[in-house]
Amino acid sequence: MTADSSVQRRYQSGFGNEYASEAVPGSLPQGRNSPQQAPLGLYAELVSGTAFTAPRAENRRSWLYRRQPSVVSGGYQPYAQAHWTSGAAGGVVTPPDPLRWNPFPLPADGSSVDFVDGLATVVANGEPDAQVGMAALVYAANTSMQQRALVNADGELLLIPQQGRLVVTTELGVLDVALGEIVLIPRGMAFKVGLPDGASRGYVCENYGAPFRLPELGPIGSNGLANARDFLAPVAAFEDTAGSYEIVKKYGGRLWRNQQRGTPFNVVAWHGNLAPVKYDTANFMVIGSISFDHPDPSIFTVLTSPSDTPGTANCDFVIFPPRWMVAEDTFRPPWYHRNLMSEFMGLVTGQYDAKPEGFKPGGASLHNCMVPHGPDADAFIKASHATLAPHKLDNTLAFMLESRYRFIPTAFAMHGGALDPAYADCWSSLADTFLKAPE
């Protein structure tokens, strides 16, 4: 296995597929999952991403055939990482204001910060042990993880690079992740992050709730939005290097570490439908209005984590990619609104049409439940008087993490130096322009 980003990787296509892969011919058992003796002296190990009795359509599990089982590890000790907090309890009391953050800074020159130590929670809700809610984090790192791996038992992780490519090594193989791509790591699966471009930054969604899945398409039909075939899972690969590994594990809202004799990336073959995947957002098939009115942002949903209330998500991952605007007699940016759902937004590249100036790549914004928001004053004036010719929003990629639960900002978010204290000023010049009827 190699973390070299110049290597031409092979992948398996699909989302939630029954994948099968072997790095060495004959290492994958045939006809059964747990033979008395697994091929080539390997150990069989099951990883379950859902309860055994989950409905077949939702059941996720994979069988791994590895050189040593994952029980071969040392005892865990607490690991100090002050900025990665969990759930609503990790936040601070915050007024119901719209919030925005300038781009989060990269590590200082001369420092050495990898992906684990570069993570910081910005907002969160719910509680990991209750398997409810989610957190939105940022990462800023300049050092590749070497003999070190991360395991998150609290939830699955959705990585959204904003600056710098990633090489994500997982138990099931390696994913090269370019800008504009995302990667989804299942709960409990070991991985490490390489930084082929050096200093890197991005966003992470930590989903404590039901695993992400593709949204239902309803009247759209059988095609559209994110198509399953465009998700790519790795092929089996394993490290063959000596030396001990540090394992950092997130468990019950806290971080722990141990030192084990060998690599956790020792899976020679595997099969199943629980797997890390990557997705290129350029393949998203955008649906939009071709007559009038600005449609609801739910038409941009890539992945959804449902809650116990149908149609009301624990978390929706939504993107705003390049697209044509053609609606007639319409205020084309988003309308002013107050939502039941809370919204955390990030900007990967370009401009966001409702906030063309103050919202910068690498920054973020938060509009919680029933907090009013919408286009800034300049965007409103421009859109209200624009010639409504077909117009393409190009060279842009924003995303939104939407949740039914209120987001609680952390102390890092409120006092870490990136908060924009003048955000609300972007609406201050929206005057009362009411034209009274003549007497």
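A cavity, on a 1 Å grid over the protein atoms alone, is a set of points where a 1.4 Å probe fits but cannot get out, and its lining residues have an atom within 4 Å of a point. Grid points are joined across faces, edges and corners, and a volume is the space filled by probe spheres set on the points.

The structure before you is a predicted model, in which local features need pLDDT of at least 70 and side-chain atom pairs count only at pLDDT 80 or more, while totals for chains, interfaces and linings use all residues. Residues are numbered from 1 along each chain as its sequence is written, and side-chain values use heavy atoms, with hydrogens and water left out.

The largest cavity holds about 250 Å³ of space. Its lining comprises 23 residues, and those nearest the centre are Pro334, His337, Glu343, Met345 and Tyr352. Strands here are DSSP runs of E with at least two residues, numbered from the N terminus. Two of them, β24 (342–349) and β25 (364–367), each contribute at least two residues to this lining. By class, the lining has 12 nonpolar, 6 polar and 5 charged residues; Ala, Val, Leu, Ile, Met, Phe, Trp, Tyr, Cys and Pro count as nonpolar, Asp, Glu, Lys and Arg as charged, and the others, Gly among them, as polar.

The second largest cavity has a volume of about 60 Å³. Which strand gives the most to its lining? That strand is β27, with 3 residues. Among the lining residues are Leu397, Ala398 and Phe399, together with Ile160, Glu181 and Phe317. The lining divides into 9 nonpolar, 2 polar and 1 charged residues.

I turn now to strand β8.

What are the partners of β8? Strands pair if DSSP finds at least two bridges between them. Strand β7 (residues 119–124) runs antiparallel to β8, joined by 5 bridges, and valine 123 stands opposite alanine 136. Strand β15 (residues 200–207) is also antiparallel to β8, over 8 bridges; here tyrosine 139 stands opposite glycine 202.

Methods: 1 Å grid on protein atoms, 1.4 Å probe; cavity = no way out; pocket = protein on both sides within 12 Å on 5 of 7 lines; lining within 4 Å. Helix = DSSP H or I, 4+ residues; strand = E, 2+ residues; numbered from the N terminus.
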